[in-house]
Amino acid sequence: MHSYVKESIEKIEGVETGRSVTYLVVDGELKGMYDPYRVTISFTPVEGKQDEMCIAEWAAEFEPLTTSTPAPEKARAAALGFLKCFDKFQLSY
């Protein structure tokens, strides 16, 4: 069992400017554990506060290659930490 991922190579599959990005893992340790492993990170403006706030979401589509492969909980935790970093940003126009 992998305790963490040292390398992951992704291919961007789609971008909706200012809204979302979707990528597919094409090589690395995750590819050896799941196929596919696809992630979409999206940002949805909060109604009435479009210029001030948004809801960030991380969604993963994955299929374990074996029945003993665990769900990617560490990837989920890493993504949550990444998205929380956006709370610290102040955007200016």
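**Exercise 1. State which secondary structure elements the protein has and in what pattern they follow one another.**

The secondary structure comprises 1 helix and 4 strands, where helices (H or I, at least four residues) and strands (E, at least two) are DSSP runs numbered from the N terminus. Along the sequence, the pattern reads β-β-β-β-α. The model is predicted: local features need pLDDT of at least 70, side-chain atom pairs count only at pLDDT 80 or more, and totals for chains, interfaces and linings use all residues. Residues are numbered from 1 along each chain as its sequence is written, and side-chain values use heavy atoms, with hydrogens and water left out.

**Exercise 2. Work out how the strands are arranged in the sheet.**

Step 1. Two strands pair if DSSP finds at least two bridges between them. The 4 strands form an open sheet in the order β1-β2-β3-β4, with antiparallel pairing. Its edge strands are β1 (8–16) and β4 (54–64), each of which pairs on one side only. On average, neighbouring strands of this sheet are turned by 20° against each other, direction ignored; axes are lines fitted to C-alpha atoms, for helices over the stretch in contact, and angles run from 0 to 180 degrees between N-to-C directions.

Step 2. Take the pair β2 and β3. Strand β2 (residues 20–28) is joined to β3 by 5 bridges, and the two run antiparallel. They form a hairpin with 5 residues between them. V21 has I41 in β3 as its bridge partner.

Step 3. Take the pair β3 and β4. These strands pair in the antiparallel sense over 10 bridges. V39 stands opposite A60 in β4, and F43 has A56 in β4 as its bridge partner.

**Exercise 3. Find where S42 lies, and decide whether S42 is buried or exposed.**

Step 1. S42 belongs to strand β3 (residues 34–45).

Step 2. Buried means under 20% relative accessible area, exposed over 50%, and partly exposed in between (1.4 Å probe, protein chains only). S42 counts as buried because its relative accessibility is 16%.

Step 3. Contact means heavy atoms within 4.5 Å. Not counting residues up to four places away in sequence, S42 touches R19, S20, I55, A56 and E57.

**Exercise 4. Describe the peptide bond from D35 to P36.**

Step 1. Most residues other than glycine have a negative phi, and most peptide bonds are trans.

Step 2. The bond from D35 to P36 is cis, with omega near 5°. P36 is placed in strand β3.
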